[in-house]
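I keep this notebook to record what I looked up in one structure, entry by entry.

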Amino acid sequence: MVRKLSLVLLAACSMPALADVNIYSARQENLIKPILDTFTERTGVKVNLVTGAADELIQRLTLEGANSPADLLIAEDVGRLYRAKQAGVLQAVKSSTINDIIPAQYRDSEGFWFGLSLRSRVIIYDKARVNPADLSTYADLADPKWDNKICVRSSSNIYNQSLVASMVSRNGVAATEAWVTGLVANFARNPQGGDREQISAVAAGQCELAISNTYYYGGMLNSTNAAERTAAQAVAVFFPDQNGNGAHMNVSGAAVTRAARNVDEAVQLLEFLAGEEAQAWYAEVNNEFPVRSDVAASEVLQSWGTFKADNIALEQLGIHNAEAVRLMDRAGWQ
Amino acid sequence: MDKAPEGALSSLKTGFSNRLPTLGILLLCLLLSVPVLTILASVTNSSDGVWQHLYDTVLGDYVTHSLTLLVGVGLMVLVLGIGPAWLVTMTRFPGSRILEWALVLPLAMPAYIIAYTYTGMLDVGGPLQLWIRETFELRFGEYWFPQIRSLNGAVVMLSLVLYPYVYLLSRMAFIEQSVCVLEVSRTLGATPFQAFTRVAIPLARPAIIAGLSLVLMETLADYGTVQYFGISAFTTGIFRTWFGLGSITAAAQLAAVLMIFILFLILAEHWSRQKARYHHTSNKYTRLPQIELTGWKRAGAMTYCILPVLLGFVIPFVQLSMWAVDTWHLIDKESFLTLFFNSLELASITAVIALLLGLFITYSKRLRPTLATRGMVRILGLGYAIPGTVIAVGVLIPFAWFDNTVDAWMREHFDIATGLLLSGTLVAVVFAYLVRFLPVSLNTLDAGLGKIKPTMDDVGRSMGLKPLQILRRVHVPIMRGSLLTASLLVFVDVLKELPATLILRPFNFNTLAIRTYELANQERLAEASSTALMIVLAGIIPVIILSQTISRSRPGHDART
């Protein structure tokens, strides 16, 4: 009887109507749902949403195969978008509207995925104890002068993997491994917690430098929690490699799935998310940089000044991800 | 191997068991063990040198860290579980009546939530250390403070929320023990403490082991806490291998190693128990004589019993409440009720199914303890030790295969596309829960059923009852406590479950655990506190019912001496 009950339940909530856009999203509900609702208001196209971790969603897409109900995959890192492409669960989209808006390095060269918001992985330093003139490049973080002074999260974290992958792409495995080994030697503690915790640890004096994504710092500056705001005010952002390749960039983005049955609606949604209105909201809600240069970043982000962004094609980060993970294992980055 | 309960029961086995829907149960078990078997089968695949890489780099860490967790949590839950269970059962001291049920409360607290909460309080940037630095004008490193995010921290966090399993099951055993044996031991010159260590604990061994094995399996399967603390243990290693190194085969093999290890532990325990059987020791029940404690014994007992509740429940609960008040204006209240009911619905459906299935499976095993039924129970029992995500994928694979095969067949023969029938539905979600949590039900019911003497079956049989009637009219009334315990434990576990729900759920369907995770994952702990608190509150009521039932579960608890 209970089984029957659950069968009835499944019938009620599993089968989305046909002309809807069905999304598997690694961007979490509160960071995506409001703009999807706006899309539905404007176009009348209903959107159904499952959120989750990117890797698991890609696994689900892979196993569901051609019958997967998902039309669109949203991921929060280029490494994952690349994995999805490699897994064969995406399809290429040719939309001149989108291609005109999104700079080439922030989308897949074959049109399999598109970056929709930008973040930089930067150095956060203690304003009281670090002279920003001593900071320069990512490479410099391996210098013994930072011994016992750096906090960064686990190498299981995709943002760290992507940063290392970009170096592998530029300098090769051996040089990058030497750099990671030096960096690990400078850790003030075993990697733990998220980016916000690294920043808090700098403010608390456990380390002098942290490596963090910009939006975490932005989130702390705007936090409802007074302690977090205080901590954020004790530190500042440094954009590395300004005389070289520029600060490391990453995207959150979206892709149309190979199994998509509502391709037109999915592309329509992609174009909407790349549009001016959505870009302003999409980036601002999480303190990210818009992917298009004609939309202004939020006030907090602007207050950090302009900076030179690395223009490496982001798919390189995906290509070198596995090498990056292995060399981080070897170098002892937990 | 199994020679013990002979005699009339064996005639019952051969004569009547075929009336039980044995075949159906066997098929169902087989179905439920598909995810586990899928993972075990991976051992034979080649993983292209990934193992060499793991062996050269991180495998040593995974093994030592996971073993440390196991040993640490194992010892700590025994200390936190057994002692208080004995004290509140056998003695009286101020507050003992309240502590009887309060000691179970941490069960309602998911491990990842208690970890978030204590980290928020005790981390370098947290209020406590901030206060120390400001008050004493110290800088970081100039004072000693335990590091919460460490292996030891993880041991403490997990122990604080898992000890209730040991507490519950050992208390149930103590309550059900006849006073006679204890009195006999006292007449033979044993002190009360000796009666406890040399009679009560050995008699309660199956229950304690059952509780402990739940704890150890939960520890091995924990991902949220170790991941948050940045510990490279087996579970975090599985994910890293799977996604970071891109080898689902090697990841499945790591999970298989984990299962084989658990299987080995369980078999080792059985082997050491050998032929001993633990049934009710006597049918004579009198009211338990509770000793009124005085002086330092009273103070000691109070502290010993209050501490686990304080650390495992009260402190994190208060902290969560404070955060919830702070962030209440930011919370999306509209969806709150929906989340609440979704969680309750899933938990109740799963609890009922797990109870019925568990009862039939353990009873079939009692009737026919063949290699097949016992092996099946063992395999099913492993699900609890597997991380939820791995189980979810173990469910996705056969379900997606089934759906796609049906779809292809229907297209070919009838030109109808059926699409995905089961994948992405609540059926898949509940199925995954069953794979994961049926062991809880099986363990509890097996222990409960094992305590009923085989002669009870014989009596029922001699009165002309059929096996199912014996189950319904003899066993079920006797083991009412175990039945309730089994279903409520599953209920609370489902409330807390996160990873399988996350991967398998349908569109536009969320639970309290998912909302909590999403906010916590964005490192917005304070905002995650409202839903976290709801999970805890939803779990408290069943947890209290549980304690009450167990208090009343003593046969003849109304008897007057």
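The entries below go from the whole chains to single elements and residues.

**Entry 1: conventions.** I note that this is a predicted model, in which local features need pLDDT of at least 70 and side-chain atom pairs count only at pLDDT 80 or more, while totals for chains, interfaces and linings use all residues. Residues are numbered from 1 along each chain as its sequence is written, and chains are lettered from A and ligands numbered from 1 in the order in which they are written.

**Entry 2: chain A.** I looked up the secondary structure and found 15 helices and nine strands in chain A. Helices (H or I, at least four residues) and strands (E, at least two) are DSSP runs, numbered from the N terminus. The radius of gyration of chain A is 21 Å, close to the 20 Å from the globule rule for 334 residues, so chain A is as compact as a globular protein of that length. That radius is taken over C-alpha atoms, and the rule is 2.2 Å times the number of residues to the power 0.38. Of the 334 residues in chain A, 56% are buried. A residue is buried if 20 or more other C-beta atoms lie within 10 Å of its own, exposed if 12 or fewer, and partly exposed in between, with C-beta atoms placed from the backbone.

**Entry 3: chain B.** I counted 26 helices and two strands in the record of chain B's secondary structure. Its radius of gyration is 25 Å, close to the 24 Å that the globule rule gives for 561 residues, so chain B is as compact as a globular protein of that length. Buried residues make up 52% of the 561 residues in chain B.

**Entry 4: where the chains meet.** I found 54 residues of chain B in contact with 54 residues of chain A. Two residues are in contact if their C-beta atoms, placed from the backbone, lie within 7 Å. On the side of chain B that touches chain A, the largest share, eight residues, comes from H19(B). The residues of that side divide into 26 nonpolar, 19 polar and nine charged. Ala, Val, Leu, Ile, Met, Phe, Trp, Tyr, Cys and Pro count as nonpolar, Asp, Glu, Lys and Arg as charged, and the others, Gly among them, as polar.

**Entry 5: strand E3 of chain A.** Which way do the residues of E3(A) point? A:Leu72 and A:Ile74 point one way, A:Leu73 and A:Ala75 the other way, and all are buried. In a regular strand, side chains alternate between the two faces of the sheet. E3(A) pairs with strand E1 (residues 21-25) of chain A in the parallel sense over three bridges, and A:Ser25 stands opposite A:Ile74. Strands pair if DSSP finds at least two bridges between them. E3(A) and strand E8 (residues 248-256) of chain A run antiparallel, joined by four bridges; A:Leu73 has A:Ala255 as its bridge partner there.

**Entry 6: two helices.** I noted that the axes of H9(A) (residues 214-221) and H10(A) (residues 226-233) come within 7 Å and cross at roughly 120°. H9(A) and H10(A) are therefore oblique to each other. Among the residues that meet are A:Tyr217 in H9(A) and A:Glu228 in H10(A). Angles, from 0 to 180 degrees between N-to-C directions of lines fitted to C-alpha atoms (for helices over the stretch in contact), count as roughly parallel under 35 degrees, roughly antiparallel over 145, roughly perpendicular from 65 to 115, and otherwise oblique.
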